[in-house]
Each structure stands twice: as C-alpha cells, then as structure tokens.
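The sequence and the model come before the details.

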Amino acid sequence: MADAIGIGITHYPMLATEDGHMANLMRMVLKDPDIPADRKDPANWSEQARREWADDEGAAAAGEHRAKLLAGLAKTREALDEFNPDLLIVWGDDQYENFREEVIPPFCVLAYQTSEVEAFAVNKMLTLPPPPGADSLDLTFQMQGDPTFAKQLVADVGRQGIDIAYSYEQRKGVHFPHAFANTQVFLDWANFGQKFPYPIVPIAVNCYGEHVIARKGGIARFADIQVGEDLDPPGPSPKRCFELGAAVARSVRASGKRVALVASSSWSHAFLHDKDWHLRPDTEADRALYDAMVAEDYDTWNATTTGDVVSAGQHEMLNWFCLLGAMSELGMTLEWSEFVDTEVLNSNKVFAIFK
C-alpha cells in the first residue's frame, strides 16, 4: 500500500537574490512606454502597493516577503521530512527552457537518473547577485531522479486514457527548468539544494500555453502586444490538469511507494496579467480559488477555464490544478495553508500541506 503527502510551494526566482533586486520585474514594467503614465504613477496605486514600494522601491517590503516565504518553505520541508518519502513528484512549468520551438508537449515526465543543476542559472540570465549566504553564482547540485518509477508512471497514466510525453535526456545548452531546480534549492535552503536527500520525478506542464513561444516565458511589452501577437495554441485546460493529477494519484496508489506530490509555482503573476497593465497580480481571482481550496470546493476549480486562467495571469497555477486533482482522488485533507500576497513583488504565493 502506497502513502502520500501533498505539498504546494513557490519557486519564485527573485527569492534567490538580494532584497534590493526582488522588485526588478516591477522596475522593468515601469519602463514600458505603452503603459499609461497615470497607471505607472505610484500616487495612483493602492494603499498596499504604495506601502510596499515606499521610498526604497520595494527593498524593505522584499525583506518582509522573504521572511514569509522562507517560513512557509521551512514548514513544508518539516512536513516532508516527517513523512520521509521515497521520492517527490513535482509538477512545474517549463518557461521556454527544456522545451522550445522543436516541441511543446502538454505534459512531460522527465525520466532522468541524475542531473547536474545550476542553482542560480536564472540569476546569471538576469545578471542578479546570488542570495544572502551564497558565495558564488556558479554553485551546482545533483538532482537525483527515478527513471524506473517515471517510466511506470507514464505507462499507468497512458492506460487511463491520458497521453503524456516522456524525456530521457535534458536539452543541451540550456539551464535545467527553474521550476524544478528552485524546488530543490528552496526546500534545502540552508544548503542551496546540495544536500537534498530525496529523488525528484519532474512533470513539466505547458502552463504558458499561448504565450510559451510568443513571449518566450517572459515579459512582453505592451508595444509588442498591441501590434498583434502571434499566439501559440493553448496549453492543457485546468480540468485536464485536474484529471492528470487524479491519474497520477492512482498510479502512486498502486506503486507501493511513499510519494510526496508537489505543486511548484506562485499564483497570479503581474507580468502575465495584461488586463491590469502588468502592474499587479490578480489577487481577487487568486483569493477566490484559495477560498475554494480551503473549503475543498473542487467544483469551483473544475469550472475554471483556460480563458479564466490566462485573463488572471494564473498560467502557472495549472501545476496546482494537477495537485488538487491528486488530492481529490486520494481523499486527502488540507492540514495547513497560507496565502502570501503582494502588490509590487510580481506574484502572490501560496503554501499548502495535505495529509
């Protein structure tokens, strides 16, 4: 008989740098000439946004935000160690990293044995310093996988009518997808991922859908959007992600393994929230789904459409739809959760433990 625990965390890249850089995405947005000047003026922002931005452009607020995130990560790591899993299954998004123009699978299990991972590859890409306590941007760690389990998972899910891709080898010349890299770094923060004791089987979800190639997993200026984007086909629907999570849970149930099922992502992202000019996440939409999660109201989650997700900038939440599909299938209960909101640090974050 298998056993499971459910965990939800963030892989917020800006946590892995200094407080003074954590609002860099907001600084980039404020340079977009096609955003109306009155919307970029802090005097017209909400009280919370003005308080966070203050006279230091978010540095002090970043320190407070960091403390909340590290507390949530410490609590989820404590639950993980208490459960002592054989391995983790992690749902994460691939933001134009492992998968690019050659192929964009809706779902892909990374059936890797051992991967050499750069802890701060995103920092290098964005020319950011490492986080406090890290001496170098060149730090690497080993991510252990479980190819045998991964292959069986693909077979089991396929037999349930959900086709899922698999990969035996990482794409050359690009960094390891940061949704998975940061999961190990953040859950082993004291060692920046170097001493994490559990294997990880990643499941890459095409969360970015119509924007994965069009925006290359990043910020698009409104000047580029307004001239007409060449959008990509949509990614898997929230309902399909929920169904995948349930199928994965059934495979886990039959595996005889102790498995931690992990959703790795923040919730609404400001830089994907077009309808509010990339200036803030859609906190109202996030709160509605958070309240439904706390109430175990999965009907509300299953009624959410791809259009709803894209409109709210909740692209990466498809990873959480997978997690909740698994939790629903296994009849697991939300033991603890926390909603960490922000107006200027790009994305709201949620932590959760299901048992």
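## Asn84

Asn84 lies in the loop between helix 4 (59–83) and strand 2 (87–93). Helices (H or I, at least four residues) and strands (E, at least two) are DSSP runs, numbered from the N terminus. The phi of Asn84 is near 55°, a positive value in a residue other than glycine.

With a relative accessible area of 46%, Asn84 is partly exposed. Buried means under 20% relative accessible area, exposed over 50%, and partly exposed in between (1.4 Å probe, protein chains only).

## Basis of the model

This is a predicted model, in which local features need pLDDT of at least 70 and side-chain atom pairs count only at pLDDT 80 or more, while totals for chains, interfaces and linings use all residues. Residues are numbered from 1 along each chain as its sequence is written, and side-chain values use heavy atoms, with hydrogens and water left out.

## Phe192

The loop between helix 7 (178–187) and strand 7 (200–205) holds Phe192. Phe192 is not a glycine, yet its phi is positive, at about 50°. Phe192 is buried, with a relative accessible area of 8%.

## Helix 13

Helix 13 (residues 318–330) has 13 residues. From first C-alpha to last it reaches 19 Å, close to the 18 Å expected at 1.5 Å a residue; the expected span is 1.5 Å times one less than the number of residues.

Just after helix 13, Gly331 takes a positive phi of about 65°.
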